[in-house]
Amino acid sequence: MSPTAPQTYVIYSQVTGKPATKEEFVKRLKRFSSSALLRVCSVLNMVLTQWADGYDQDSHARLVHSFFHPTLATALLATGRPVFHRHQLLFVAQEALRHCDNVHETPVTLPDTREAGTLMLMASELLAHPTVRRAASSEELARRITSILPDMETNGPSSYHRKMARSLAMCTRFGDELRETKNYFDVRKLFRDATQIELETFYALIFGCFSRFRNLGEIKASMDLSDYAVSVDFFRKCTKITSEELNNFFAYMSTDAAGFAAQVLAKNPHRNEFTVLRNKPLFADNGLYRPLDVSILADKMESGVFWSVHGQVDPTKRDNFHQFWGDVFERYISWLLGASVDGQINKFFANPRYLKRDGDEVCDAIVLSGTSAVLIECKGSTFTARGKYGGEPLVLDAELKKKFVGTETARKGVRQLVDAIQNLFSKDTQDQIPDVNLHAIENVIPVVLTRDDIGSAFNLSAYLNFHFQELIRGIEFARPISPLCAISADDLEKLSPYLKDTSLGEVLLGRITADKDLIFPLWNPDNTVLVNLPARPSPLLSAEIDKLGDIFVARLGVPNDEPTSPIN
């Protein structure tokens with residue numbers, strides 16, 4: 001599997017020789033209705049979508065030829081850089097809601113494509129904010145993260161089936177495993193109370209929305225805009241779903257341009273914060289429901305459940321709910337790692353405990369990989385929109401410290417790893433772990449593994465390692481201690497099918513060797529271990545998608561001739 005290299009986008013000034021201004025952008029924006037631009041952004045997002053990781057270059061080229069004069073289109077494509085991208089489309093959609101009139105239109109045609117193409121180039125320029133690198137500090141590294149995080153999350157490689165599989169496994173199987181524990185929350189009941197939708201019905205209907213687009217190649221070639229949308233009639237053949245359930249689902253998942261605009265005007269979000277669009281990922285367009293962003297639609301399977309349940313929980317118990325969610329995530333990761341390793345190249349130990357110290361837990365997981373010991377702390381924390389997208393480094397810095405570093409009295413990921421490594425590998429250590437032989441270990445690799453995609457953010461490893469190095473300074477160790485790496489659940493899900501024959505230690509050391517400043521995420525194109533891996537799906541996650549298909553059939557009463565696997 002080829003890792004994805006970061007790309008820069010073509011911007012307005014590179015084409016026209018003059019910079020784009022917010023005033024000129026808004027002036028051009030107002031030539032359209034908000035509905036027309038939401039329709040454009042939805043269709044373009046669908047055309048750029050593909051079910052596998054990567055970027056649909058062929059469809060992108062066709063779009064460029066459709067939206068620009070032939071001579072300019074040829075020149076744009078010759079740069080080898082994207083002209084259209086998800087971050088740009090979400091930005092244009094939200095700014096249209098902020099500035100444009102909402103005019104009723106029949107949703108059958110796209111507006112002036114040449115004018116819309118110019119608007120997109122201007123949007124890319126307004127989103128591009130080059131910054132000067134300063135000496136590393138906690139705040140400076142947080143600033144570097146905030147400068148690129150919104151673009152990374154919207155334009156980074158994404159696999160819809162991984163998000164959907166994770167959500168299903170966490171919210172059903174691993175949530176149910178905690179039913180007899182003191183800190184259990186009934187996710188199904190709380191979600192139903194919040195939305196008037198049964199959890200399995202919600203999953204089945206989102207899966208059904210994706211099945212609507214299973215023939216993606218045919219849809220991309222269509223000039224009929226209804227092909228890029230879901231309608232209520234699409235579910236009419238399903239014998240078990242009621243009109244009330246469909247109405248509740250679409251009320252929860254969608255709103256029209258006026259509804260979106262009211263929320264944007266009320267909340268006045270930062271240019272990179274798309275919470276309004278995430279809350280309602282379907283645009284209600286005169287009886288059609290258009291995904292504004294296919295990845296956000298898939299993400300709603302998990303984020304929608306979490307935030308809907310969160311809103312139902314008594315405010316005095318929300319810290320307990322966050323702990324419950326973290327426990328569910330840890331169980332999911334233990335299953336994914338434990339079922340993926342071979343027991344020889346990689347040996348997995350969940351929740352290892354000290355031989356002494358009253359059996360205290362060492363860390364969330366250890367993987368022995370050749371002569372490397374990988375110590376893992378799992379973090380299921382959810383970050384605020386302001387921290388991630390608000391462009392305020394001090395806010396993100398404080399949130400990262402609270403959730404991933406901790407304090408002397410409330411120790412989190414980085415500090416927990418420091419404690420474990422000091423107890424096991426300092427020169428005067430006496431601690432041992434039953435059934436975990438560390439005598440042959442020549443290298444220790446600390447890892448913070450996040451449920452949130454922030455674990456794949458540029459500079460997050462540098463940030464966490466900065467704090468890690470501060471905390472271990474002056475301690476003498478009996479083994480070399482590698483820099484701390486951050487990875488996300490999505491990184492691990494993509495890597496998991498290779499762990500039966502590929503050393504996790506070598507993957508992480510390859511990542512550190514290729515990027516000594518720890519700027520890039522795990523799937524860095526310079527990592528010589530990852531670049532040679534052939535494409536390989538995860539059988540574990542594929543099985544979860546099959547279960548989702550079974551729920552789709554059973555809960556909705558899908559006819560036998562209806563395909564049940566929308567994502568190939």
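Two strands pair if DSSP finds at least two bridges between them. Helices (H or I, at least four residues) and strands (E, at least two) are DSSP runs, numbered from the N terminus. This is a predicted model, in which local features need pLDDT of at least 70 and side-chain atom pairs count only at pLDDT 80 or more, while totals for chains, interfaces and linings use all residues. Residues are numbered from 1 along each chain as its sequence is written, and side-chain values use heavy atoms, with hydrogens and water left out.

Select residues 443–450, strand S8. Of its 8 residues, 8 are buried (under 20% relative accessible area, with exposed over 50% and partly exposed in between; 1.4 Å probe, protein chains only). Asn443, Ile445, Val447 and Leu449 lie on one side, Val444, Pro446, Val448 and Thr450 on the other, and both faces are covered.

Leu375 is opposite Pro446 of S8.

**The four-stranded sheet**

Move to the open sheet with strand order S1-S4-S3-S2 and mixed pairing. Its edge strands, each pairing on one side only, are S1 (230–231) and S2 (254–255). S1 pairs with S4 (residues 288–291) in the antiparallel sense over 2 bridges, and Val230 is opposite Tyr289 in S4.

**Helices H6 and H14**

Now show H6 (residues 86–99) and H14 (residues 257–267). Their axes come within 8 Å and cross at roughly 85° (lines fitted to C-alpha atoms, for helices over the stretch in contact, with angles from 0 to 180 degrees between N-to-C directions). The two helices, H6 and H14, are therefore roughly perpendicular (65 to 115 degrees; under 35 is roughly parallel, over 145 roughly antiparallel, the rest oblique). Gln94, Leu97 and Arg98 of H6 meet Ala257, Phe260, Ala261, Val264 and Leu265 of H14 (contact means heavy atoms within 4.5 Å).

**Two asparagines**

Continue to Asn268, in the loop between H14 and helix H15 (275–279). Its phi is near 45°, a positive value in a residue other than glycine. Asn268 is exposed, with a relative accessible area of 55%.

Finish at Asn351, in the loop between strand S5 (347–350) and strand S6 (365–369). Asn351 is not a glycine, yet has a positive phi of about 45°. Asn351 is partly exposed, at a relative accessible area of 27%.
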